[in-house]
Each structure stands twice: as structure tokens, then as C-alpha cells.
Amino acid sequence: MTYRIVPMTAAYLPQIAALEKRCFPADPWSEELFRDALDNPHTAILLAEGEDGSILGYAVLSVVLDEGNLDNIAVAPEARRQGVADTLLGALIGFGREHLSVLMLEVRASNTPAIALYEKHGFAAVGRRKNYYDAPKEDAILMTLEFANGTEAVK
Ligand SMILES: CC(C)(COP(=O)(O)OP(=O)(O)OC[C@H]1O[C@@H](n2cnc3c(N)ncnc32)[C@H](O)[C@@H]1OP(=O)(O)O)[C@@H](O)C(=O)NCCC(=O)NCCS
């Protein structure tokens, strides 16, 4: 499977919102939420675009000072288990290594594939938020990946 990593533009909004609905049928981000993220200077959205222009996956990172939060990552069901999320997350971690002290995320406690993805990339579980998610109600696992270039490292 051939794809390339490209930055999000407004032209992709309908396609991303449609893919989001397939990946998170119970509580998808709306197209407006993706537009807000696109317009936010502290947020970056990366896409994996297939040869035919279809979007295979996306990842959303927001940054406050030297802290990053992985707000969203998803891959089209038919494109899973082929390294697309590895590539998207790897790109964000590469940015984090250069510019951030920590990357954080929340994940549903039952989301075994996502937790395995994050652990593979070095994230560690550091906490649990009770009943964080709705539809269905579920705890979030809070995970972080720390980088050596944070303020802590130079103290
Ligand atoms: C989680 C998700 C993004 C993974 O995307 P993907 O492109 O299939 O993942 P990759 O092929 O890059 O796999 C990378 C690693 O993730 C883990 N992984 C991915 N899918 C997995 C599965 N079904 N079971 C166990 N581990 C899995 C593995 O560690 C894998 O590494 P490996 O192939 O060396 O074993 C995808 O399943 C998805 O979109 N899920 C629905 C949306 C979602 O839950 N997003 C996360 C919200 S916090």
C-alpha cells in the first residue's frame, strides 16, 4: 500500500468528517470541530493520503507551550494493520522530540489496539480518569511520552 503524509487543508474536511464517523460511530468529531482544529494555530493535523487521493488516516496534535496532546488518531478500517498509524504517530513523535517536553493522550480503557500502538511507541500509562467518556460511559487511561529536551531535563 502506497501513501504519503500530507498536512490537512480545508478541501479534505468532508472526507475527514466522513472517515471520523466510520471510525468513531458513537461520538464522532463534527466537521466543524475539524475546521476549528484546522484554523487553530496551536493544532496540527496530518493525513495519510493514498495514491488515488483517498484519506487512509489522520492524526491531530495540539500544543500548549512545550506540551503536546494527541487529540485524535484514526485509520480507515480497510487500511488498518499496515503501519499507517505507526507512520502518523511516528511523525508527531519526531516533532515532539525536536520541540516538546511531553506528549499526552487519553484513550478508552477497552481500546486494546490503540493502547498497544501507544505502548509500542513508548507511551506509559500514568493515570485514569473515571467515566471520562460517554456512549458508552468508560474510564480514560492517561498516557504520556516524555522527551529529553523538556525544562525538567536541564534543571
Ligand atoms: C488504533 C488505530 C489507529 C491503529 O491504526 P493502524 O494503522 O491499524 O495501526 P498500525 O498498523 O500502524 O499498527 C501499529 C501498532 O499498533 C498496534 N495495533 C494496531 N492494531 C492493533 C490490533 N488490532 N490489535 C493489537 N495491536 C494493534 C500494534 O502494536 C501495531 O504494531 P505491530 O503491527 O508491529 O504489531 C486503528 O485501529 C483505529 O483507527 N482505531 C479506531 C480509532 C481509534 O480507536 N483511535 C484511537 C483513539 S485514542
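**Note on the predicted model**

1. **The β6–β7 loop.** P136 sits in the loop between β6 and β7. This is a predicted model, and the loop deserves a look at its backbone. A cis peptide bond links A135 to P136, with omega at about -5°. A135 is found in that loop too, between β6 and β7. Its phi is positive, about 50°, although A135 is not a glycine. Most residues other than glycine have a negative phi, and most peptide bonds are trans. L65 is not a glycine either, yet its phi is positive, at about 55°. Where does L65 lie? It is placed in the loop between β3 and β4. Is L65 buried or exposed? L65 has 9 other C-beta atoms within 10 Å, so it counts as exposed.

2. **Sheet order.** Seven strands form an open sheet: 7 strands in the order β1-β2-β3-β4-β5-β7-β6, with mixed pairing. β1 (3-7) and β6 (124-133) are the edge strands. Each has a single partner strand, so one side of each lacks a neighbour in the sheet. On average, neighbouring strands are turned by 25° against each other, direction ignored.

3. Strands of a sheet pair through backbone hydrogen bonds, either parallel or antiparallel. β1 pairs with β2 in the antiparallel sense, over 5 bridges. For Y3, the bridge partner in β2 is G50.

4. G127 lies in strand β6. G127 is exposed, because 11 other C-beta atoms are within 10 Å and the limit for exposed is 12 or fewer. G127 and T144 are 17 residues apart along the chain. Their C-alpha atoms are separated by 9.4 Å.

5. **The core.** How many residues does the largest nonpolar core have? It has 37 residues. Those with the most contacts inside it are I45, L46, L47, Y58, A59, L88 and L92. Both helices and strands contribute: α1 (13-23), α2 (31-39), β2 (43-50), β3 (55-64), β4, α3, β5 (102-108) and β7 (138-146) each give two or more residues.

6. **L88 in detail.** L88 is among the core residues with the most contacts. Which residues does L88 contact, leaving aside its neighbours within four places in sequence? They are I5, L46, A48, G57, A59 and I73. Of these, L46 and A59 are also on the list of core residues with the most contacts.

7. **The ligand shell.** The ligand is surrounded by 19 residues. The closest are R80, A85, P113, A116 and L117. β4 (67-75), α3 (84-99) and α4 (112-120) each supply at least two residues of the shell. Which element gives the largest share? That is α4, with 6 residues. By type, the shell divides into 11 nonpolar, 4 polar and 4 charged residues.

Note on methods:
Residues numbered from 1 in each chain as written. Predicted model: local features only at pLDDT ≥ 70, side-chain atom pairs only at ≥ 80, totals over all residues. Near = placed C-beta within 6 Å. Helix = DSSP H or I, 4+ residues; strand = E, 2+ residues; numbered from the N terminus. Nonpolar A, V, L, I, M, F, W, Y, C, P; charged D, E, K, R; others polar. Core = buried A, V, L, I, M, F, W, Y, C linked by C-beta atoms within 7 Å. Buried ≥ 20, exposed ≤ 12 C-beta atoms within 10 Å, placed from the backbone. Contact = placed C-beta atoms within 7 Å. Pairing = 2+ DSSP bridges. Axes fitted to C-alpha atoms, helices over the stretch in contact; angles between N-to-C directions.
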